[in-house]
Amino acid sequence: MDLLWVLSVSMLAACVAIPMDAAAGSHSLFTCEPITLRMCQGLPYNSTFMPNIMNHYDQQTAALAMEPFHPMVNLQCSPDLRMFLCAIYAPVCTEYGRMTSPCRRLCLQAKSDCYQLMDMFGVSWPEEMDCNRFPDCDEPYPRPVDLLSSSDTAESPISVQRDYGFWCPRELKIEPELGYSFMGVRDCSPPCPNMYFTREELTFARYFIGVVSIVCLSATLFTFLTFLIDVSRFRYPERPIIFYAVCYMMVSLVFFLGFLLEDRVSCNAASPGRFRASTVTQGSHNKVCTLLFMVLYFFTMAGSVWWVILTITWFLAAVPKWGSEAIEKKALLFHACAWGVPGVLTVTLLAMNKIEGDSVSGVCFVGLYNLTALRWFLLAPLGLDVVVGVVLLLAGIAALNRVRMEIPLEKENQEKLVKFMIRIGVFSILYLVPLLTVIACYFYESSYRTIWETTWVQEKCRDYHIPCPYKSSSKHPWMHSHSALAVH
């Protein structure tokens with residue numbers, strides 16, 4: 001029974017290993033190191049390197065995985081088993097960039113010799129040690145050429161320290177067909193709840209977003225209903241304010257739904273039986289998440305475009321002195337731009353599968369964990385809209401002020417012009433201050449996201465049993481407070 005137990009553990013250890021074809025690209029720094037594994041002492045070579053073929057990041061991890069095989073080696077079911085296991089768990093250290101695998105013959109011989117003993121205990125050969133994965137050759141391990149190149153690297157430090165990069169914990173691994181990625185690692189997803197918030201901060205942020213969404217929804221709905229009561233009151237150049245309000249009414253509605261849904265849509269449920277933690281939803285496989293993303297992103301971008309159109313209409317009214325009817329003739333063009341550009345951006349993100357769940361607000365958005373998407377699909381369009389809008393706004397205000405100063409007007413008309421300029425200024429400030437705050441948060445997050453992620457790995461690496469960063473960047477004082485709030 002003891003042998004059955006250790007063999008079962010060996011199968012489990014092998015099953016959680018990463019496939020061999022991913023190991024070759026896992027090195028962030030190649031360094032030979034002396035072999036410390038007890039089973040692999042006294043071999044024709046005495047130095048190895050990590051990660052090995054099974055993608056164990058150090059010899060201590062490899063030793064734990066090899067421990068269940070000791071009884072089989074001690075029982076001497078095959079004279080080739082010890083060398084085959086060492087070739088996998090402690091490969092010979094050769095020149096930089098070349099990983100040497102044992103021949104298929106060595107694997108088949110070890111498997112054939114130990115098959116009856118394993119079958120007796122009802123244990124199958126691990127899938128990760130499938131002999132078809134090894135090269136079809138008939139040479140001993142290590143090969144003479146490996147020993148020659150190994151002698152060139154025999155001078156090795158006793159203590160080896162490397163930065164292995166980020167290794168996805170077993171708890172955060174996702175089925176390959178879903179196309180998830182996290183911190184540059186495929187088939188991996190961020191943990192849920194949020195990486196940077198404590199439970200208390202997460203609860204506060206969630207309720208804060210919920211309350212603000214209700215207030216914003218009420219205000220924008222009131223504006224829209226006021227417009228429906230008397231459509232003629234809102235003519236160009238003020239008409240874009242109504243469409244702007246409609247856009248943010250939809251944005252507020254999505255955040256309110258996210259508040260009600262909590263993290264049921266933005267996160268995948270945990271699966272303790274499969275050692276899977278709750279992870280962030282990615283991609284378009286979750287239909288509700290995809291729908292929330294489409295509505296939220298589309299109307300967020302449309303709202304910023306309507307702001308630009310509003311400054312354009314004000315500019316046309318102030319500088320070339322266009323009348324309301326003349327501006328209204330361009331309404332079709334305005335609508336094509338305001339709905340078409342966000343539509344193209346939304347479809348592009350859907351095609352690129354860049355949807356990400358937000359465990360703070362409960363909605364799905366973009367750029368929460370992907371810096372490239374954050375910069376090109378949020379910072380770039382919002383920043384461009386602000387620059388264009390502010391330039392047109394300042395040009396329009398300057399033109400109106402010139403009219404007020406140079407052309408004599410009746411007192412009543414003078415007061416109307418001043419009130420019009422004040423309304424433009426107040427509305428612009430009320431729009432620009434929150435938007436510029438959001439853009440500043442995006443810039444801040446874009447600059448420090450890598451530091452936050454490295455610090456998170458430093459704090460959680462032992463809990464997840466993954467390599468800890470060798471050189472961890474200093475933690476930024478706001479790391480745990482402001483990352484996810486940038487979206488809101």
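Reader: Which residues make the nonpolar surface patch of about 350 Å²?
Author: This is a predicted model, in which local features need pLDDT of at least 70, side-chain atom pairs count only at pLDDT 80 or more, and totals for chains, interfaces and linings use all residues. Residues are numbered from 1 along each chain as its sequence is written, and side-chain values use heavy atoms, with hydrogens and water left out. Patch members have over 30% relative accessible area and no salt bridge; like charges are joined within 9 Å, and nonpolar side chains (Val, Leu, Ile, Met, Phe, Trp, Tyr) within 5 Å. Here the members are Val418, Ile422, Val426 and Leu430.

Reader: Where does Leu430 lie, and how exposed is Leu430?
Author: Leu430 sits in helix α13; helices (H or I, at least four residues) and strands (E, at least two) are DSSP runs, numbered from the N terminus. Accessible areas come from the Shrake-Rupley method with a 1.4 Å probe, and for residues only the protein chains shown count as cover. Buried means under 20% relative accessible area, exposed over 50%, and partly exposed in between (1.4 Å probe, protein chains only). Leu430 is exposed, at 60%.

Reader: How many salt bridges does a search of the whole structure find?
Author: Side chains of opposite charge can pair when their charged atoms come close. A salt bridge here is a side-chain nitrogen of Lys or Arg within 4 Å of a carboxyl oxygen of Asp or Glu. The count over the whole structure is seven.

Reader: What is the sequence separation of the parts that Glu67 and Arg38 tie together?
Author: Glu67 and Arg38 form a salt bridge, with the closest N and O atoms 3.6 Å apart. Glu67 is in the loop between α2 (59–66) and α3 (70–74), and Arg38 is in the loop between β1 (33–34) and β2 (47–48), so the pair ties together parts separated in sequence by 29 residues.

Reader: Are Glu67 and Arg38 buried, partly exposed or exposed?
Author: Take the two partners in turn. Glu67 has a relative accessible area of 41%, so Glu67 is partly exposed. For Arg38 the value is 59%, which makes Arg38 exposed.

Reader: Which residue forms a salt bridge with Arg449, and is that partner buried or exposed?
Author: The closest N and O atoms of this salt bridge are 2.9 Å apart. Both residues belong to helix α13 (residues 411–464); they are four residues apart, so about one helical turn separates them. Arg449 is buried, at 0% relative accessible area. The partner is Glu445, with a relative accessible area of 4%, hence buried.

Reader: Which residue meets Glu262 in a salt bridge, and what is the phi of Glu262?
Author: Glu262 is in the loop between α8 (240–261) and β5 (267–268), and is partly exposed at 37%. The partner in the salt bridge is Arg264 (4.0 Å, N to O), which is exposed at 56%. Although Glu262 is not a glycine, its phi is positive, at about 55°.

Reader: What is the phi of Asn353?
Author: Asn353 is found in the loop between α11 (331–352) and β7 (356–357). Its relative accessibility is 26%, so Asn353 counts as partly exposed. Asn353 is a residue other than glycine, yet phi is positive, near 60°.

Reader: What is omega for the cis peptide bond of Cys192 and Pro193?
Author: Pro193 is placed in the loop between β4 (185–186) and α7 (199–229). The cis bond joins Cys192 to Pro193, with omega about 10°.

Reader: What covers the buried residues of helix α4?
Author: In α4 (residues 81–89), eight of the nine residues are buried. Among them are Phe84, Leu85 and Ile88. The cover includes α2, α3 and α5 (104–120).

Reader: Where is confidence lowest and where highest?
Author: pLDDT is the predictor's confidence in each residue, from 0 to 100. The chain mean is 83, and 83% of its residues reach 70 or more. The lowest mean, 37, belongs to helix α1 (residues 2–15), and the highest, 97, to strand β8 (residues 364–365).

Technical notes
Contact = heavy atoms within 4.5 Å.
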